[in-house]
Amino acid sequence: METIEFLGFSLYAWITIVTVLTMFTVLLFTKWRSDLVFLGAIGVLYVTGVLDAKDAFSGFSSTSVITVGVLFVVVAGLTYTGVLQWIVKHLLGSPDSYSKAVTRLMLPVAVLSSFLSNTTVVSLFVNIVKMWAKKLGVSPSKLLIPLSYASGMGGVCTLIGTPPNLIISGLYEEKTGVAMNILTTTVPGLFCLAVGVLSIIAMRRLLPDRKAPESAFESTGDYTVELQVPSDNPYIGQTLGEAGLFHVKGGSLIEMYHFDDIPLPVTENEPIMGGDHLIYAGQIDELMELAYTHKLVSSDHHIFSMSELDNNSKLRTAYVDFGSRLIGTAIGSSSFEKDNNVVLAAVARRGERIEEAPRNVVLQAGDTLLLICPNNVKLNTSSLERDLRFFDSSDVPNIGNGTIISTLIMIAMVVVSALGIMPLLQCAFLAAAAMLICRCCNMEQAMKAVNWDILMVFAGSAVLGLAIQKTGIAEWLANGILDVCGTNPIVVMTAVCFVGTFITEFISNTAAGAMFFPIMYEAAEKLGYEPYPFLIALMISVSSSFATPIGSPTHMLVYGPGGYRFSDFMRIGLLMNLIILAANIFIVNIVYPLTPLQ
């Protein structure tokens, strides 16, 4: 079977190529869970005989994968003791210019992202940056893209800052038996960060000046809310004008329909019936007040008594995430509200008013939803977080002795690993144990912090990289690159990094790192050079995705709150990709000069 060849590839190689292409197509164009897609790809490679059982499941026992899992617990200790909140509180300040504001924002975010989950850091900063932007008189859209970029550029400054660094260093160690230092990428990463900050300041005119979506919930006419007349409402039988429901403070009635769901021409002489739906546009606080004074209820289902309305509710803002199962659907046509015990009050799209009942709006990525939630119900469940992003978490940790203890544990882990006293995995295990023993987080919080989806993708990526190497695809691609680029090592390094930078705009940076590791390694060896500097450049390039909002989870986090359009990232991101690529190649070749193989 293995001897059968077509166009220079064995049957196993073609199976691998088709599997990888199919997997990325599914990830790009469907809403399937990424961990299940990667698991399915591993299953195909195993069942078809491309990989044996040991190789197919080697990713789950990989040192780098286990390290990521343990680091989740360390990060939980830092999160629950308020370290991030303390840093935010004391570092942002009140800069007097945009340049100073960007610098004050990007540098601490980059430092935090060097040791913590990028997603965690950005999630914390999003709401703070929005309030800070209002204080500075700057549109949040001018600061949220720099926030996301800083988290990515900071992540490459250490091996633990971003998954591709860990997976590439882990694969290198398996190949050579030589472990990379935790601070291997620090100097190149800091140089690229400095170039990135200066580039953002220089190109600030390319950053969009968008209206923040939540401002649609602050100004008249920018959003709609649907209310319902319960059957025991005292205004039944009166006209809209008599009941004071036609001309209302802070808004206007734009549509009305009875039980037959046929919209009626809105006039103040229309009689009110039980079960009527009234759709208003206006200010949310004024319309919520109208609902209470006129005994109207939220229109999620027909309510026959005001006693059914929970008066202990709160309003929460959420953003529809990329890959959300809600995209392309209307809340009213699903069981979403009932399943999650929430009611949709309003929808905004880039600050624009939507002339439609909120529950009938077909949702798009980045839409802002205003939800009515019972106070006694905790919403950040794994089910909701697959579809929505909440930034108004009530779980604010207390800053105290635990803040200092968790910080010292993190610093000790980094120092011990950097000095080579102990391998990173052992340091991570000791740090995680210390976090639990010192009660920086409890067992439940630690287990909740472990993101099993990411670990599955991480393990699957390592296996895909192995399949690409074992089937000869990596060698073929390396030869192809050498044929096109010649034998100049810097040209070859630049070419692979260039492709890696743009590939990672559309696929997981972890998958890109695993995919390009064998290609870069083979290319370096064929040129007769030590692969080490080539791989450092690859680490930075596959984490440098600036041109599309789907290029990084942190871009997705700021996409909705910033009121961005897809093209906003491309305007500045394409240039950033090229600038950071040039900075990357320049600094890596200075810090890690090319060395011929012995």
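**Stop 1: a helix pair**

Select L71, V74, G77 and L78 in α4 together with S406, T407, M410 and M413 in α15; across these residues the two helices meet. By class, the contact has five nonpolar, three polar and no charged residues. The model is a predicted one.

Now extend the selection to residues 63-80 for α4 and residues 401-418 for α15: the two axes come within 8 Å and cross at roughly 145°. The crossing of α4 and α15 is left-handed.

**Stop 2: the whole chain**

Zoom out. The chain holds 24 helices and 12 strands. Of its 598 residues, 54% count as buried. Take the contacts between residues at least 6 apart in sequence: 78% of them join residues at least 24 apart.

**Stop 3: helix α21**

Select residues 509-527, which form α21. From first C-alpha to last, the 19 residues of α21 reach 26 Å, close to the 27 Å expected at 1.5 Å a residue. Where is the kink in α21? Center on F516: a kink of about 35° lies there, shortly before the proline P518.

Color α21 by accessibility. With 16 of its 19 residues buried, α21 is largely enclosed by the rest of the structure. Then step to G528, which follows α21 and has a positive phi, near 85°.

**Stop 4: helix α22**

Move on to residues 532-542, helix α22. How many of the residues of α22 are buried? The count is 11 of the 11, so α22 is largely enclosed by the rest of the structure. Among the buried residues are Y532, P533, F534, L535 and I536, and also M539, S541 and V542.

**Stop 5**

Most residues other than glycine have a negative phi.

- Select K295, in the loop between α12 (284-293) and β8 (297-298). Its phi is near 55°, a positive value in a residue other than glycine. K295 counts as partly exposed, because its relative accessibility is 39%.
- Select R439, in the loop between α16 (424-437) and α17 (443-449). The phi of R439 is near 60°, again positive in a residue other than glycine. Is R439 buried or exposed? R439 is exposed, at 76% relative accessible area.

Key
Residues numbered from 1 in each chain as written. Predicted model: local features only at pLDDT ≥ 70, side-chain atom pairs only at ≥ 80, totals over all residues. Heavy atoms only, no water. Axes fitted to C-alpha atoms, helices over the stretch in contact; angles between N-to-C directions. Helix = DSSP H or I, 4+ residues; strand = E, 2+ residues; numbered from the N terminus. Left-handed = near helix turned anticlockwise from the far one by under 90°. Contact = heavy atoms within 4.5 Å. Nonpolar A, V, L, I, M, F, W, Y, C, P; charged D, E, K, R; others polar. Expected span 1.5 Å × (residues − 1). Bend = angle between axes of the 7 residues up to and from the residue. Buried < 20%, exposed > 50% of the residue type's maximum accessible area, 1.4 Å probe, protein only.
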